[in-house]
Amino acid sequence: MEELIRILNDVHPNVDYENETGLIDKRILDSFDVVNIVGELMEAFDVEITAEHMIPENFNSAGAIYELIKSLEED
């Protein structure tokens with residue numbers, strides 16, 4: 001989770017990622033941010049995030065992103 005928070009902080013450093021649950025719904029992250037984050041996540045965690053994974057529910061919180069990464073690591 002620490003690496004994920006570092007990646008997110010590189011995009012928007014002034015967000016409380018530990019508690020925020022509306023990153024997409026509140027438009028804290030836009031589509032460009034998500035594309036950048038996905039690229040960083042794929043490199044850092046050696047996972048393949050495809051278009052089918054890029055839904056708001058997977059990116060609304062650090063916890064949701066972390067769960068996505070964990071599920072992809074298990075596959």
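## Talking through a predicted helical model

Student: Which residues have the most contacts inside the largest nonpolar core?

Tutor: Happy to start there, bearing in mind that this is a predicted model. The largest nonpolar core has 21 residues. Two or more of its residues come from each of α1 (2-11), α2 (31-45) and α4. Inside the core, those with the most contacts are Leu4, Leu8, Tyr17, Leu41, Phe45, Phe59 and Ile65.

Student: Within what arc do the buried residues of α1 fall, seen down its axis?

Tutor: Let's list them before looking down the helix: Leu4, Ile5, Ile7 and Leu8 are buried in α1. They line one face of the helix, because seen down the axis of α1 the buried residues fall within an arc of 160°. In general, an α-helix has 3.6 residues a turn, so residues three or four places apart point the same way. The value you asked for is an arc of 160°.

Student: Which exposed residues does the face of α1 turned away from its buried side carry?

Tutor: The buried side of α1 has a cover that includes α2 and α4. Turned away from that side is a face with two exposed residues, Glu2 and Asp10.

Student: How are α1 and α4 oriented to each other: parallel, antiparallel, perpendicular or oblique?

Tutor: In general, two packed helices are described by the angle between their axes and the distance between the axes. Here the axes of α1 and α4 come within 10 Å and cross at roughly 125°. The crossing in which α1 passes α4 is right-handed. The orientation of α1 and α4 is therefore oblique.

Student: Which residues in α4 do Leu4, Ile5 and Leu8 in α1 meet?

Tutor: These three α1 residues are buried, and α4 is part of what covers the buried residues of α1. On the α4 side they meet Ala62, Ile65, Tyr66 and Ile69.

Student: Is α1 roughly parallel or antiparallel to α2?

Tutor: The axes of α1 and α2 come within 10 Å, and they cross at roughly 150°. That angle makes α1, relative to α2, roughly antiparallel.

Student: Which residues in α2 do Glu3, Leu4, Ile7, Leu8 and Val11 in α1 meet?

Tutor: The crossing of α1 and α2 is right-handed. Where these helices meet, the α2 residues are Asp33, Ile37, Glu40, Leu41, Ala44 and Phe45.

Student: What is the relative accessible area of Arg27?

Tutor: As a general rule, most residues other than glycine have a negative phi. Arg27 sits in the loop between α1 and α2. It counts as exposed, with a relative accessible area of 75%.

Student: And where is Asp46 found?

Tutor: Asp46 also draws attention through its backbone: its phi is near 50°, a positive value in a residue other than glycine. Asp46 is exposed, with a relative accessible area of 72%. Its place is the loop between α2 and α3 (56-59).

Student: Which residues does Asn9 touch, not counting residues up to four places away in sequence?

Tutor: Asn9 belongs to helix α1. At 27% relative accessibility, it counts as partly exposed. Setting aside residues up to four places away in sequence, Asn9 touches Val15 and Tyr17.

Student: How far apart in space are Gly39 and Ile49, C-alpha to C-alpha?

Tutor: Gly39 is in helix α2 and is partly exposed, with a relative accessible area of 32%. Along the sequence, Gly39 and Ile49 are ten residues apart. In space, C-alpha to C-alpha, their separation is 8.5 Å.

Student: Last one: how far apart in space are Glu74 and Val47, C-alpha to C-alpha?

Tutor: Glu74 lies in helix α4 (residues 62-74). With a relative accessible area of 69%, Glu74 is exposed. Glu74 and Val47 are 27 residues apart in sequence, and their C-alpha to C-alpha distance is 9.7 Å.

Note on methods:
Residues are numbered from 1 along each chain as its sequence is written. This is a predicted model: local features need pLDDT of at least 70, side-chain atom pairs count only at pLDDT 80 or more; totals for chains, interfaces and linings use all residues. Side-chain values use heavy atoms; hydrogens and water are left out. Helices (H or I, at least four residues) and strands (E, at least two) are DSSP runs, numbered from the N terminus. Buried means under 20% relative accessible area, exposed over 50%, partly exposed in between (1.4 Å probe, protein chains only). A nonpolar core is a set of buried Ala, Val, Leu, Ile, Met, Phe, Trp, Tyr and Cys residues joined through side-chain atoms within 4.5 Å. The arc is that of the directions from the helix axis to the C-beta atoms. Contact means heavy atoms within 4.5 Å. Axes are lines fitted to C-alpha atoms, for helices over the stretch in contact, and angles run from 0 to 180 degrees between N-to-C directions. Angles under 35 degrees count as roughly parallel, over 145 as roughly antiparallel, 65 to 115 as roughly perpendicular and the rest as oblique. A crossing is left-handed if the near helix is turned anticlockwise from the far one by less than a right angle, and right-handed if clockwise.
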